[in-house]
Amino acid sequence: MQLKDFLEMMNPDLYQVLKQSVELGCWPDGRRLSEQEREASLQALIAWEFEHLPEEQRTGYMPVSCKSRQTPAQAEDEPASILRFRDT
């Protein structure tokens with residue numbers, strides 16, 4: 001079965017089963033996911049999330065406050081933080 005065909009039949013319940021299986025590393029019946037099954041399931045999860053979930057609920061989402069997602073102008077507005085140690 002191709003990913004496109006699988007995504008067409010995938011529903012929120014199947015999404016939750018796959019997500020939990022990837023998180024735990026085993027299927028609901030207790031069998032361990034193979035590396036190939038884990039990779040394919042994760043790929044399906046990400047593709048399904050892209051079509052059905054808002055950006056902030058998707059796997060791998062990083063909030064805008066993350067330094068790597070700021071524009072150079074936003075980064076310049078924030079003061080640099082310096083770690084200071086006290087002599088004791």
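This report walks through the fold, the confidence and a few side-chain details of a predicted protein model.

## Before you start

Because the model is predicted, local features need a pLDDT of at least 70 and side-chain atom pairs count only at pLDDT 80 or more, while totals for chains, interfaces and linings use all residues. Residues are numbered from 1 along each chain as its sequence is written, and side-chain values use heavy atoms, with hydrogens and water left out.

## Overall layout

The protein has 4 helices and 0 strands, so the order from the N terminus is α-α-α-α (helices, H or I, of at least four residues and strands, E, of at least two are DSSP runs, numbered from the N terminus). Of its 88 residues, 17% count as buried; buried means under 20% relative accessible area, exposed over 50%, and partly exposed in between, with a 1.4 Å probe and protein chains only.

## How confident is the model?

The average pLDDT, the predictor's confidence in each residue from 0 to 100, is 81 for the protein, and 73% of the residues score at least 70. Where pLDDT is low, the predicted coordinates should not be read in detail.

## A stacked aromatic pair

The structure holds 1 aromatic pair. The ring centres of Tyr15 and Trp48 are 4.5 Å apart and their planes meet at 25°, so the pair is stacked (rings of Phe, Tyr and Trp, its six-membered ring, pair if their centres lie within 6.5 Å; planes under 30 degrees apart count as stacked, over 60 as edge-to-face and the rest as tilted).

Tyr15 belongs to helix 2 (residues 12-24) and Trp48 to helix 3 (residues 35-52), so the pair ties together parts 33 residues apart in sequence. Both Tyr15 and Trp48 are buried.

## Ser41 in helix 3

Ser41 also sits in helix 3 and counts as buried, at 7% relative accessibility. A polar atom of the Ser41 side chain lies 2.8 Å from the backbone oxygen of Glu37. Beyond its neighbours within four places in sequence, Ser41 is in contact (heavy atoms within 4.5 Å) with Leu18, Val22, Trp27 and Leu33.

## Two salt bridges

There are 2 salt bridges, each a side-chain nitrogen of Lys or Arg within 4 Å of a carboxyl oxygen of Asp or Glu. One joins Arg31 to Asp29, with the closest N and O atoms 2.9 Å apart; Arg31 is partly exposed at 49%, and Asp29 is exposed at 54%.

Another links Arg38 with Glu35, at 2.8 Å between the closest N and O atoms. Arg38 and Glu35 both lie in helix 3, 3 residues apart, about one turn of the helix.

Terms used:
Polar contact = N/O pair within 3.5 Å; in protein donor to acceptor, adjacent residues only side chain to side chain.
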